[in-house]
Amino acid sequence: MAEIQNIFLCLVHRFPMKEVDVAEAIENKGLQGCIHGRPGTKRQVLLMDMETLDRFGLAPGVTKENLTMRGLDFTKLEIGQDLRIGEATLRITLPCGPCPRMDEIRMGLQEELRGQRGWLCRVVVAGKIRKGDRIEVMEAAVGTTAETQLTASLKDKENNG
């Protein structure tokens with residue numbers, strides 16, 4: 001069973017994330033109180049899996065994710081797929097490429113996390129998300145396999161510097 005382990009909000013850029021037990025997902029914006037969510041963007045909520053964090057020896061929240069999950073195989077997710085989490089529904093919009101700030105956590109982490117930083121989502125149905133909420137994966141309306149998407153994302157990065 002896939003479920004939410006941690007919920008984080010970014011209150012101030014470049015400061016540690018604030019962990020909360022409950023967050024309000026605002027339709028087409030992100031999590032209430034988090035400065036990373038912006039109306040109309042594909043980058044409203046960042047999802048990360050505990051399995052990847054554990055593999056790299058990272059604590060939840062350190063990679064600036066909003067929701068940390070356990071028991072969800074991220075390689076099976078697709079762009080356009082909806083995740084029902086608590087009262088909210090999030091739509092997967094794109095893989096999150098690791099930014100240079102990852103090297104501030106540990107030198108070389110940006111490259112280590114390439115293709116494994118998690119998924120960015122848009123809030124399509126507002127509602128509360130709580131620690132321990134189950135995650136229901138809905139069928140993707142549009143999309144390709146995660147492996148194809150991540151490969152395309154890496155190629156795009158290489159071609160555009």
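**View A. Surroundings of Met69 in the predicted model.** Not counting residues up to four places away in sequence, Met69 touches Glu3, Ile4, Gln5, Leu47, Met48, Asp49, Met50, Glu51, Phe74, Leu83, Ile85 and Ile135; contact here means heavy atoms within 4.5 Å. The model is predicted, so local features need pLDDT of at least 70 and side-chain atom pairs count only at pLDDT 80 or more, while totals for chains, interfaces and linings use all residues. Residues are numbered from 1 along each chain as its sequence is written, and side-chain values use heavy atoms, with hydrogens and water left out.

**View B. The largest nonpolar core, with 29 residues.** A nonpolar core is a set of buried Ala, Val, Leu, Ile, Met, Phe, Trp, Tyr and Cys residues joined through side-chain atoms within 4.5 Å. Buried means under 20% relative accessible area, exposed over 50%, and partly exposed in between (1.4 Å probe, protein chains only). Leu31, Leu47, Leu67, Met69, Ile85 and Ile129 have the most contacts inside this core. Two or more residues each come from strand 1, strand 3 (22–26), strand 5, strand 6, strand 7, strand 8 (88–95) and strand 9 (119–125). Strand 1 contributes the most, with four residues. Another core, of eight residues, lies apart from this one and includes Leu53, Phe56, Leu58 and Leu113. Over the protein chain of 161 residues, 40% count as buried.

**View C. The open sheet of eight strands, in the order 2-1-6-5-9-8-7-11.** Its pairing is mixed. Strand 2 (18–20) and strand 11 (135–137) are the edge strands, each pairing on one side only. On average, neighbouring strands of the sheet are turned by 35° against each other, direction ignored; axes are lines fitted to C-alpha atoms, for helices over the stretch in contact, and angles run from 0 to 180 degrees between N-to-C directions. The protein chain has four helices and eleven strands, where helices (H or I, at least four residues) and strands (E, at least two) are DSSP runs numbered from the N terminus. Two strands pair if DSSP finds at least two bridges between them.

**View D. The parallel pair of strand 5 and strand 6.** Three bridges join strand 5 (residues 45–49) to strand 6 (residues 67–70). Leu47 stands opposite Leu67 in strand 6. Both Leu47 and Leu67 are among the residues with the most contacts inside the largest nonpolar core.

**View E. Strand 7 between its two antiparallel partners.** Strand 7 pairs with strand 8 over four bridges, and Ile85 has Ala88 of strand 8 as its bridge partner. The two strands form a hairpin with two residues between them, and Gly86 in the turn has a positive phi of about 60°. Strand 7 also pairs with strand 11, over three bridges; there Arg84 has Glu136 as its bridge partner.

**View F. The open sheet of three strands, in the order 4-3-10.** Its pairing is antiparallel. Strand 4 (30–31) and strand 10 (127–130) stand at the edges with a single partner strand each, so one side of each is left without a neighbour in the sheet. Strand 3 and strand 10 are joined by four bridges, and Glu24 has Lys128 of strand 10 as its bridge partner.

**View G. Gln81, in the loop between strand 6 and strand 7 (82–85).** Gln81 counts as buried because its relative accessible area is 8%. A polar atom of its side chain lies 2.9 Å from the backbone nitrogen of Glu78. The Gln81 side chain also reaches the backbone oxygen of Met138 at 3.1 Å. A polar contact is a pair of N or O atoms within 3.5 Å; within protein, one must be able to donate a hydrogen and the other to accept it, and residues adjacent in sequence count only if both atoms are side-chain atoms.

**View H. Met1, in the segment before strand 1 (3–9).** Met1 counts as exposed because its relative accessibility is 65%. Leaving aside neighbours within four places in sequence, Met1 is in contact with Arg70, Gly71 and Arg134. Met1 and Gly71 are 70 residues apart in sequence, and their C-alpha atoms are 6.0 Å apart. Among contacts in the protein chain with a separation of 6 or more, 66% join residues 24 or more positions apart.

**View I. Residues 143–161, where the pLDDT is below 50.** The pLDDT is the predictor's confidence in each residue, from 0 to 100. The protein chain averages 88, and 86% of the residues score at least 70. Where pLDDT is low, the predicted coordinates should not be read in detail.
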